[in-house]
Amino acid sequence: MLFAGNKVNEVAPLKESAQPSNVVEPPTGAQKKHEPPAEKRRWQIFFTVPLATATALALHWLASRQEPPGETHLYTYLLSGLLVVSIVAVALQSLWSSDWMRGACPLIAAAVLFLAGWEMATSGFRWLPMPYFPGPAAVLQSLVTDRDILFDSTCHSLLLLLCGYALGVAVGLFSGVCIGWSRQVRYWGMPLLKIVGPIPATAWIPLAMVLSPSAMVSAMALIALAVWFPVTMLTASGVSNTRAAYLDVARTLGAGRAFLIFRVAIPAALPSIFIGLFMGLGASFLTLVVAETVGVKSGLGWYVSWAQGWAEYRKVYAALLIMAAFFSTIMTALFKVRDRVLVWQKGVIKW
Amino acid sequence: MVAVSENTVATEGASLRVKDVTKVFAARDSTAERMLALDAMSFAVAPGELVSIIGPSGCGKSTLLRLIGGLDFPTSGELYVGTEAITGPSSERGLVFQDPCLFPWLTVRRNIQAGLVALGVLREKRSEVNYFLRLVGLEGFADVYPHHLSGGMAQRVALARALITHPKILLLDEPLGALDAFTRMRMQDEVLDLWQARLTTTLLVTHDIDEAIYMSRRILIMTPRPGRVERSIEVDLPRPRDRSSAEFLDLRSEILKLFTSPVS
Ligand SMILES: Nc1ncnc2c1ncn2[C@@H]1O[C@H](COP(=O)(O)OP(=O)(O)OP(=O)(O)O)[C@@H](O)[C@H]1O
Ligand SMILES: [Mg+2]
């Protein structure tokens with residue numbers, strides 16, 4: 001204690017006296033970086049969205065003068081609505097604003113500007129060949145006109161994806177824990193895993209079509225297979241890498257095998273298991289879309305190839321938009337689950 | 001602290017007997033020679049006794065505790081708790097490792113109750129968890145994850161976790177090794193209090209001669225390579241012990257001499 005006290009007394013004044021003489025204007029410079037300018041920048045950030053939206057609206061008006069109004073009025077409404085909302089937000093932000101809004105403003109503005117750029121490149125200057133690259137207004141139009149069939153396709157895709165993913169995760173966790181825990185299972189299971197696992201699930205499509213009674217079932221099995229491999233691999237490595245000390249501690253507490261597996265090895269392996277779940281999710285998206293394109297007669301993948309068959313590229317883009325929203329929502333949901341399950345890692349690792 | 005005569009209070013502890021225990025570690029590769037970690041080691045500990053083991057690094061202290069804990073098996077020789085031979089780990093023998101080794105995915109409370117969960121008696125004994133939390137002074141940290149604890153706090157949690165199953169023998173592998181001098185002295189008193197409350201047979205591995213004299217009734221001094229008990233020294237000082245009393249310092253210099261003078 002005494003020693004610590006001395007140290008502080010000696011060092012602190014030194015620092016204070018040294019700073020002003022060495023640096024030209026250190027206190028203001030150091031403070032400026034943190035408090036007032038940040039506040040100011042935050043305040044201005046709210047203007048980015050209405051400015052970007054107004055620009056996009058003006059460009060849209062220029063670009064769509066020759067087109068029939070029915071084709072583009074939805075996009076006009078969308079931009080106008082956004083403009084009104086953002087202006088209201090600017091007006092209200094002195095009263096109430098959240099960090100979330102501040103953080104989102106530059107991103108929203110950039111997205112709106114991207115839409116404007118896209119519109120100029122397509123329906124504006126027609127730099128890109130027309131049927132293949134429709135403008136945002138046309139895509140929005142098909143999104144709305146085809147909403148029923150798109151909704152239906154999304155539901156089908158969701159059902160197929162969830163069934164396949166759940167099956168793959170369940171089997172993958174089971175086989176992963178077995179391979180990771182038991183030396184005997186590892187001896188027989190690992191070669192199989194190493195040979196069969198790396199084959200992309202989509203390569204099994206010809207076989208799956210022959211074997212299974214319905215396209216739905218075979219697609220589900222393929223998705224499950226795609227998920228199974230990474231989940232098994234990372235679960236097995238997580239379980240077998242459990243620190244021996246944790247197992248030793250548990251055994252001196254009187255733990256039986258069930259406790260060692262379910263309350264020590266699996267929790268210790270969870271960070272690794274989640275990596276497997278994420279990799280499996282990515283693989284399942286890919287397999288889903290391919291399976292729907294070639295076999296299943298429903299879902300977003302099927303919709304895309306169907307629209308392409310009719311050369312309705314605006315519909316293709318509409319479906320891609322839905323897919324992006326659909327997949328990223330699922331991804332985000334899994335991240336949320338991970339954050340909850342692995343709260344204990346907060347502070348242990350770079351979060 | 002109250003002075004307790006160690007054999008009059010009813011004890012929860014069991015006796016421990018180590019008989020001719022030899023432990024040879026297999027060679028890591030063909031060029032390395034086999035490692036004789038413990039060589040025909042023998043000693044006994046009476047019920048309720050607190051015995052320290054000191055010895056230079058690498059003399060096989062941790063190996064010995066692992067053998068008694070049942071985590072490892074001797075190459076030859078026998079180990080007994082009471083009259084029963086040790087065949088594997090059991091909640092009767094609590095082991096606190098040098099590194100507290102808390103389960104990072106469990107809160108302090110859940111770490112402490114892990115032993116009760118493992119034995120399937122959590123429901124009946126839930127109140128004990130609070131008792132042990134209070135005993136080690138961590139009620140306020142019950143719902144904190146181990147990462148947020150200081151080294152000393154983590155060590156106390158590890159101690160509570162080992163104690164909750166009411167072991168008959170407590171094996172402490174340098175539990176205070178990582179602490180600073182002040183915390184260390186406070187923790188020594190805490191461990192002594194715990195021991196005096198229940199008189200669990202305790203085997204304390206340490207590098208610190210002062211700690212060994214302050215805490216224990218008997219000190220086993222081990223020699224390295226191969227490890228065996230070189231001497232057993234009775235500490236007959238009254239408790240609480242005064243670290244600066246003449247008897248304390250005499251004993252200390254006697255033990256120091258053992259380590260510095262070449263073994264005959
Ligand atoms: N699993 C093992 N395999 C091979 N050799 C081992 C193993 N564990 C310990 N040893 C060897 O046995 C000897 C005794 O090790 P041990 O860990 O018991 O020493 P220690 O007395 O606890 O030392 P310290 O005070 O530094 O903790 C060491 O020389 C070590 O190299
Ligand atoms: Mg050791």
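In this predicted model, the centres of domain 1 and domain 2 of chain A, taken over C-alpha atoms, lie 36 Å apart. Domain 1 of chain A spans residues 38–144, and domain 2 of chain A covers 146–345. Each side brings ten residues to the contact between these domains. Together, domain 1 and domain 2 of chain A bury about 1000 Å², with carbon and sulfur atoms giving 62% of that area. No salt bridges are found across this interface within chain A, although five residue pairs, both members at pLDDT 80 or more, are in polar contact there. On the side of domain 1 that touches domain 2, helix H7 (residues 136–145) of chain A provides the largest share, five residues. That side of domain 1 consists of eight nonpolar residues, one polar and one charged.

Turning to the interface between the chains, 25 residues of chain B are in contact with 21 residues of chain A. The area buried between chain B and chain A is about 2000 Å², and 70% of it falls on carbon and sulfur atoms. Two salt bridges cross this interface; one of them joins the side chains of B:Arg66 and A:Asp248, at 2.9 Å from N to O. Polar contacts between chain B and chain A number three residue pairs, again with both residues at pLDDT 80 or more.

On the chain B side that touches chain A, at least two residues come from each of strand E6 (93–96), helix H3 (114–119) and helix H5 (151–163). Of the contributors, H3(B) gives the most, with five residues. By residue class, this side of chain B comprises 15 nonpolar, six polar and four charged residues.

Methods
Residues numbered from 1 in each chain as written. Chains lettered and ligands numbered in written order. Heavy atoms only, no water. Contact = heavy atoms within 4.5 Å. Buried area = accessible area lost by both parts, 1.4 Å probe. Salt bridge = Lys/Arg side-chain N within 4 Å of Asp/Glu carboxyl O. Polar contact = N/O pair within 3.5 Å; in protein donor to acceptor, adjacent residues only side chain to side chain. Helix = DSSP H or I, 4+ residues; strand = E, 2+ residues; numbered from the N terminus. Nonpolar A, V, L, I, M, F, W, Y, C, P; charged D, E, K, R; others polar. Domains from an automatic or database assignment.
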